Amino acid sequence: MKKDSEGRMPLELTVGEVAQRSGVAVSTLHFYETKGLIRSWRNRGNQRRYPRVVLRRVAVIKVAQKTGIPLADIAEALSVLPHDRPLTARDWQRLSQTWKRQLDARIASLTSLRDHLTGCIGCGCLSMEECPLRNPQDMLGEKGAGPILLEAEEQVDVG
Ligand code: FES
């Protein structure tokens, strides 16, 4: 990458330079651009140019993707932040807090799923009524406490 006479990175970068500096493939950068996550402009030679500040934005996108945040959510979160200035520590704090909450919720959901799965090991019933993995919202639980199925069977027998 060419640097200026004082050894600083130029204010605008080619897509190859962004790829090299960020460790993200050119095709991925183009994909990010089609999704509105990053922006470029065309120079007189009709070549894409990116502002230097795009590097921090790409770093944030990569971190968010590592935590499993969907690209659409990342795009939405970044959409309110300007493309022409670097993301600030405050921007990052807000984004990371939001994504941490999402990550916590996902961990809780996966932990619950794992615990239910543990109960299913060796069972194999896959019952709509009894298996927590088939009945994740606990539909029977919404009908109230007690032997709901037994009471239902008794009503059928009697009725
Ligand atoms: S398979 Fe029987 S409880 Fe899930």
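In this predicted model, the side chain of S127 reaches the backbone nitrogen of E129 at 3.1 Å. A polar atom of the S127 side chain also lies 3.0 Å from the backbone nitrogen of E130. The two polar contacts are listed below.

| Side chain | Backbone nitrogen | Distance |
|---|---|---|
| S127 | E129 | 3.1 Å |
| S127 | E130 | 3.0 Å |

S127 is found in the loop between α5 and α6 (148-158). Its relative accessibility is 15%, so S127 counts as buried, the cut-off being under 20%.

The largest nonpolar core has 26 residues. Those with the most contacts inside this core are L29, Y32, L37, I38, I61, I74 and L78. At least two core residues come from each of α1 (15-22), α2 (26-34), α3 (54-66), α4 (71-78) and α5 (89-120). With 6 residues, α3 supplies the largest share. In soluble globular proteins, nonpolar side chains tend to be buried together.

Which residues does L29 touch, leaving aside its neighbours within four places in sequence? L29 is in contact with V15, V18, A19, V24, I38 and V58.

The packing of α3 against α4 can be described by residues and by geometry. On the α3 side, R57, V60, I61, A64 and Q65 take part, and they meet L71, I74 and L78 in α4. I61, I74 and L78 are also among the residues with the most contacts inside the core. The axes of α3 and α4 are 10 Å apart, and the helices pack at an angle of about 140°. Angles over 145 degrees would count as roughly antiparallel; α3 and α4 are therefore oblique to each other. Their crossing is right-handed.

Definitions and conventions: Residues are numbered from 1 along each chain as its sequence is written. This is a predicted model: local features need pLDDT of at least 70, side-chain atom pairs count only at pLDDT 80 or more; totals for chains, interfaces and linings use all residues. Side-chain values use heavy atoms; hydrogens and water are left out. A nonpolar core is a set of buried Ala, Val, Leu, Ile, Met, Phe, Trp, Tyr and Cys residues joined through side-chain atoms within 4.5 Å. Buried means under 20% relative accessible area, exposed over 50%, partly exposed in between (1.4 Å probe, protein chains only). Helices (H or I, at least four residues) and strands (E, at least two) are DSSP runs, numbered from the N terminus. Contact means heavy atoms within 4.5 Å. A polar contact is a pair of N or O atoms within 3.5 Å; within protein, one must be able to donate a hydrogen and the other to accept it, and residues adjacent in sequence count only if both atoms are side-chain atoms. Axes are lines fitted to C-alpha atoms, for helices over the stretch in contact, and angles run from 0 to 180 degrees between N-to-C directions. Angles under 35 degrees count as roughly parallel, over 145 as roughly antiparallel, 65 to 115 as roughly perpendicular and the rest as oblique. A crossing is left-handed if the near helix is turned anticlockwise from the far one by less than a right angle, and right-handed if clockwise.
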